[in-house]
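Please look through the sequence and the model below before reading on. The report then moves from one residue to its surroundings, and on to other parts of the chain.

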Amino acid sequence: MDVFICSVILCAVLVSICGWKILNWLWFRPRMLEKSLRQQGFTGNSYRLFYGDLKDMRRKSKEALSKPINFSHDIVHRVIPSIHIALNNYGNNCFVWFGPRPALVVLDPEIVREIVSKTYVFQKPPGRPFIRLLARGLASLETDKWAKHRRLINPAFHVEKLKHMVPSFYLSCADMLSKWDKIVPSDGSCEVDVWPYLQTLTSDVISRTAFGSSYEEGTKIFQLQKEVAQHVVEASRSVYIPGFRFLPTKVNLRIKEIRKEVKSSLLNIISRRMKAMEAGEVTRGDLLGLLLESNSEEIKQKGSKFGMSMNEVIEECKLFYFAGHETTASLLVWTMILLSKHTDWQVRARDEVLQVFGRRKPDDHQELNHLKIISMILHEVLRLYPPAILLTRATHKECEIGKVSLPAGVQLILPPILLQRDCKIWGDDAGEFEPERFKEGVSKATRGQLAYFPFGWGPRICIAQNFAMLEAKMAMVMILQHYSFQLSPSYSHAPHHVVALQPQHGAHLILSKL
Ligand code: HEM
């Protein structure tokens with residue numbers, strides 16, 4: 001056979017294999033998954049080629065986001081309209097289609113517990129490559145690699161270490177308040193959209209706590225990262241085209257340029273730190289220093305393959321910013337909004353703050369940790385307005401959950417936003433803001449069920465949960481010491497989800513100096 005015929009046959013075989021793979025991905029596999037789910041009692045829309053429910057989802061989201069809602073905590077229909085409709089149409093055992101992948105909504109606390117406990121079985125779904133441009137690091141690692149990074153990063157967030165970060169929290173909050181002091185007249189009040197200020201506050205906190213004395217450089221890096229995030233959020237709204245990120249478009253080139261700049265700035269900071277450590281300087285208690293310390297200890301004791309590479313340290317630093325900035329800002333903004341609406345709780349919170357700290361600087365982490373009313377309020381805000389509204393996992397091979405057997409390739413949606421307001425678990429007042437329910441702690445409030453997980457649960461629970469709560473307490477204490485606040489007539493209630501649960505039109509409050 002001559003070379004030409006061989007090449008033609010080879011091409012034909014390759015084209016057939018590719019064609020089969022595409023056909024399988026787009027049609028046969030989704031249909032097989034659908035059949036298997038229906039046989040086990042799950043229901044949902046029939047699969048539609050390529051898009052699944054995505055087109056409907058986009059349309060419904062657009063409709064929901066086009067107008068604000070009356071002030072109530074009944075926000076599910078606005079924030080996740082498609083899942084809300086699927087539950088209404090098909091009941092609790094429903095699935096939705098994210099393109100050719102079906103996703104089950106899991107509403108049974110015991111099944112949620114099983115899924116988040118078995119981290120090696122139920123892993124995170126493969127994210128779009130574009131999103132991975134933001135940061136890789138702990139949150140997207142799996143199995144042994146995840147366990148190694150988690151072990152190395154854990155010491156940086158240890159409660160003992162957090163107390164050294166309290167002064168950084170204080171400085172960032174004081175900066176924000178001094179900006180408000182310039183806007184609000186000393187004997188009066190003024191309308192302020194507090195949302196951008198709270199976003200700057202939490203970003204500032206991460207720059208200070210992550211990089212300590214290299215704070216200015218850290219701030220610049222995070223500003224660049226913010227720009228990447230905006231481009232990525234924009235891209236995630238459109239249909240995913242494999243390989244599109246490699247085309248030399250204006251945005252892609254800018255992202256490439258930023259990534260290069262961020263990497264070289266972080267490399268600079270890290271190398272300086274490592275040199276200082278080698279010269280015997282003590283680490284300064286910031287996240288980067290603690291991370292490098294824990295990493296070099298591990299390498300010294302067990303060898304280099306047990307530590308993280310320079311690139312991995314860089315990715316973890318980037319991740320601190322993405323995981324910690326919008327989430328904590330979201331907690332703070334909804335706390336201010338809800339305390340503006342429920343002013344009786346604002347008064348109770350301020351009474352507690354003034355009783356414990358008076359007008360002095362709240363710089364004692366133990367006193368901050370013991371604030372009972374503030375803790376109850378933060379828990380209740382996280383219950384009704386969880387910054388991470390849904391957690392996701394996927395089956396990577398056939399597996400059993402409860403009494404059902406799921407094939408590989410099914411996504412699992414674990415929704416704090418739904419379970420945390422389920423009347424069967426929380427009672428008839430589940431939709432009301434009632435911090436009193438947390439008076440005797442979380443497990444009493446949930447009667448031991450896994451129905452409250454704003455920070456996730458199990459081995460992959462938020463590594464910085466205590467960090468975030470301490471930061472939020474510091475911010476609320478300082479705000480309550482200096483200001484009272486109420487909703488401005490121009491406030492419109494419009495929760496929506498971009499990275500975290502945010503107020504779509506800002507948080508216009510009337511601030512009054514105390
Ligand atoms: C109110 C603030 C915060 C909330 C509500 C929150 C929520 C969460 C949730 C729900 C998860 C688990 C995700 C999953 O299981 O799929 C998580 C993981 C994580 N969070 Fe947070 N977070 C907050 C603040 C922070 C901060 C301040 C940082 C860093 C400085 C941070 C770093 C991380 C990291 C690195 C992970 C991944 C942990 C792992 O996979 O082992 N978070 N967070």
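Ser488 has a relative accessibility of 4%, and therefore counts as buried, a word used here for under 20% relative accessible area, with exposed meaning over 50% and partly exposed the range in between (1.4 Å probe, protein chains only). The structure is a predicted model, in which local features need pLDDT of at least 70 and side-chain atom pairs count only at pLDDT 80 or more, while totals for chains, interfaces and linings use all residues. Residues are numbered from 1 along each chain as its sequence is written, and side-chain values use heavy atoms, with hydrogens and water left out.

Ser488 is placed in the loop that runs between strand S9 (483-487) and strand S10 (495-498); helices (H or I, at least four residues) and strands (E, at least two) are DSSP runs, numbered from the N terminus. Leaving aside neighbours within four places in sequence, Ser488 is in contact with Glu191, His508, Leu509 and Ile510, where contact means heavy atoms within 4.5 Å. With Glu191 there is also a polar contact, side chain to side chain, at 2.7 Å. A polar contact is a pair of N or O atoms within 3.5 Å; within protein, one must be able to donate a hydrogen and the other to accept it, and residues adjacent in sequence count only if both atoms are side-chain atoms.

**The sheet and its helices**

Strand S9 belongs to an open sheet of three strands, which has the order S4-S12-S9 and antiparallel pairing. Strand S4 (189-193) and S9 are the edge strands, each pairing on one side only, and neighbouring strands of this sheet are turned by 35 degrees against each other on average, direction ignored. Two strands are said to pair if DSSP finds at least two bridges between them. Strands of a sheet pair through backbone hydrogen bonds, either parallel or antiparallel. S4 is joined to strand S12 (residues 508-513) by five bridges, and the two run antiparallel; Asp193 stands opposite His508 in S12.

Which strands does helix H9 (residues 166-183) touch where it packs on the sheet? H9 touches S4, S9 and S12, and its direction makes about 70 degrees with that of S9. Helix H21 packs on the sheet as well, touching S9 and S12, with a direction at about 95 degrees to that of S9. For these angles, axes are lines fitted to C-alpha atoms, for helices over the stretch in contact, and the angles run from 0 to 180 degrees between N-to-C directions.

The largest share, seven residues, comes from H14. In total 27 residues surround the ligand, and the closest are Trp146, Arg150, Arg393, Arg460 and Cys462; a residue is near a molecule if one of its heavy atoms lies within 4 Å of it. The shell divides into 19 nonpolar, four polar and four charged residues, where Ala, Val, Leu, Ile, Met, Phe, Trp, Tyr, Cys and Pro count as nonpolar, Asp, Glu, Lys and Arg as charged, and the others, Gly among them, as polar. The table lists polar atom pairs between protein and ligand.

| Protein atom | Ligand atom | Distance |
|---|---|---|
| N or O in the side chain of Arg393 | oxygen | 2.8 Å |
| polar side-chain atom of Arg460 | oxygen | 3.0 Å |
| backbone N or O of Ala323 | nitrogen | 3.5 Å |

**A hairpin and other places**

S10 and strand S11 (residues 500-503) pair in the antiparallel sense over four bridges, and His496 has Gln502 in S11 as its bridge partner. The two strands form a hairpin with one residue between them, and Val499 in the turn has a positive phi of about 65 degrees. Phe50, in the loop between helix H1 (3-39) and H2, likewise has a positive phi, near 65 degrees, in a residue other than glycine. Phe50 is partly exposed, because its relative accessible area is 28%.

Not counting residues up to four places away in sequence, Ile377 touches Thr335, Leu339, Trp345, Ala349, Phe433 and Pro435.
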